[in-house]
Amino acid sequence: MAIVLLSFSCSGIVLWVIDEVLLWDILPDAWSLLVRALLIAGGIVTFVLVVMNVLLSLALTAEANASRAGLPDYAVSRRAKRRMRQSLVAGLVAIALIIGGLQITNHFRAQAAAEAARSEFSQAQTDLNTSMQAVLNLFTPPLLEAIDTNTLAEKGQLGNLSKLLSAIKASFPHSPNATLLVPAAQPPFKYARINSSSIRSSNDGKLQLSPELYTTFPSEQETQTIEQLFAGELPALTDPLAGQMINNTLPSTWGVLKRDGQVIAVVYLQSELLYDLVPYGASPAFHHEGPDSLLSN
């Protein structure tokens with residue numbers, strides 16, 4: 001039996017190594033999980049059988065040596081047998097109780113960790129919503145004019161925008177990354193995404209703007225959300241959205257910049273300090289619905 005299990009284990013290990021390590025992807029996902037489970041179960045059973053075979057071999061060797069030496073047979077009393085059975089039952093019950101206790105403890109620890117994570121998530125979200133109004137008020141009239149007319153480089157505002165984006169990350173709770181979404185200046189692109197990495201220095205020392213351009217967004221939900229923000233409306237996000245611009249599965253918030261009563265840009269803040277907050281790999285564990293009102297400068 002042990003030899004058969006070892007043969008199957010070796011075959012399974014070869015398949016698993018080819019599929020997972022060499023990345024040949026020869027097994028479907030369901031089969032890959034099945035092979036992994038069989039490898040673990042087969043390995044445990046094989047190990048137990050090998051240990052049993054070793055113990056039996058030692059017992060047979062000891063019995064043979066005792067027979068050759070002419071030693072009398074060792075008789076186990078009924079009382080000793082009863083104690084052995086009782087000890088075995090007690091050991092099995094103790095193991096079951098320990099496993100059950102560990103499971104219950106792990107369950108309560110997971111609940112406590114999830115509750116603590118939810119509280120921290122909510123607090124970070126509240127802090128970002130509070131910070132957004134102050135962030136929007138930091139955009140000066142010259143900077144708003146340059147954003148509105150797509151002349152950040154021509155009006156010499158790239159340096160000011162770069163400093164502002166860096167200052168927001170350093171000045172507000174949870175070190176939020178600030179991102180601007182503005183209408184793109186050149187068709188067929190519709191939006192341009194600007195963050196601190198979009199402003200770079202050229203070889204001659206001049207600042208250049210290299211925004212990420214979009215014709216639309218992969219998610220219809222995110223597309224509608226962005227359109228509502230540029231229309232001056234507050235989007236209602238009741239479901240998780242992990243998009244290119246908006247991600248409500250992390251502490252984040254958004255508002256708009258206005259000039260002459262018109263929305264000229266969407267400002268988005270996101271903190272990544274709590275990126276690994278989710279306990280036990282649940283994805284996504286939490287999400288929020290955004291600010292209670294549409295914030296603007």
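**Helix α3 and its surroundings**

Reply: In this predicted model, the buried residues of helix α3 are Ala117, Phe121, Ala124, Gln125, Asp127, Leu128, Ser131, Met132, Val135 and Leu136. The helix itself runs over residues 78-136, 59 residues in total. From its first C-alpha to its last, α3 reaches 86 Å, close to the 87 Å expected at 1.5 Å a residue. An α-helix has 3.6 residues a turn, so residues three or four places apart point the same way.

The cover over the buried residues of α3 includes the helix α5 (158-171) and the strands β6 (252-259), β7 (262-270) and β8 (295-296).

Helix α3 also takes part in the largest nonpolar core, which has 27 residues. Within this core, the residues with the most contacts are Phe139, Ile147, Leu152, Leu161, Leu180, Leu257 and Val267. At least two residues of the core come from each of α3, α4 (141-148), α5, β1 (177-183), β2 (191-194) and β7. Helix α5 gives the most, with 5 residues.

Leu152 illustrates the packing: leaving aside residues up to four places away in sequence, Leu152 touches Leu143, Ala146, Ile147, Gln157, Leu158, Leu161, Ile194 and Leu209. Another core, of 16 residues, lies apart from the largest one and includes Phe217, Leu229, Trp254 and Tyr268.

Among contacts with a separation of 6 or more, 59% join residues 24 or more positions apart.

How values were computed
Residues numbered from 1 in each chain as written. Predicted model: local features only at pLDDT ≥ 70, side-chain atom pairs only at ≥ 80, totals over all residues. Heavy atoms only, no water. Helix = DSSP H or I, 4+ residues; strand = E, 2+ residues; numbered from the N terminus. Expected span 1.5 Å × (residues − 1). Buried < 20%, exposed > 50% of the residue type's maximum accessible area, 1.4 Å probe, protein only. Contact = heavy atoms within 4.5 Å. Core = buried A, V, L, I, M, F, W, Y, C linked by side-chain atoms within 4.5 Å.
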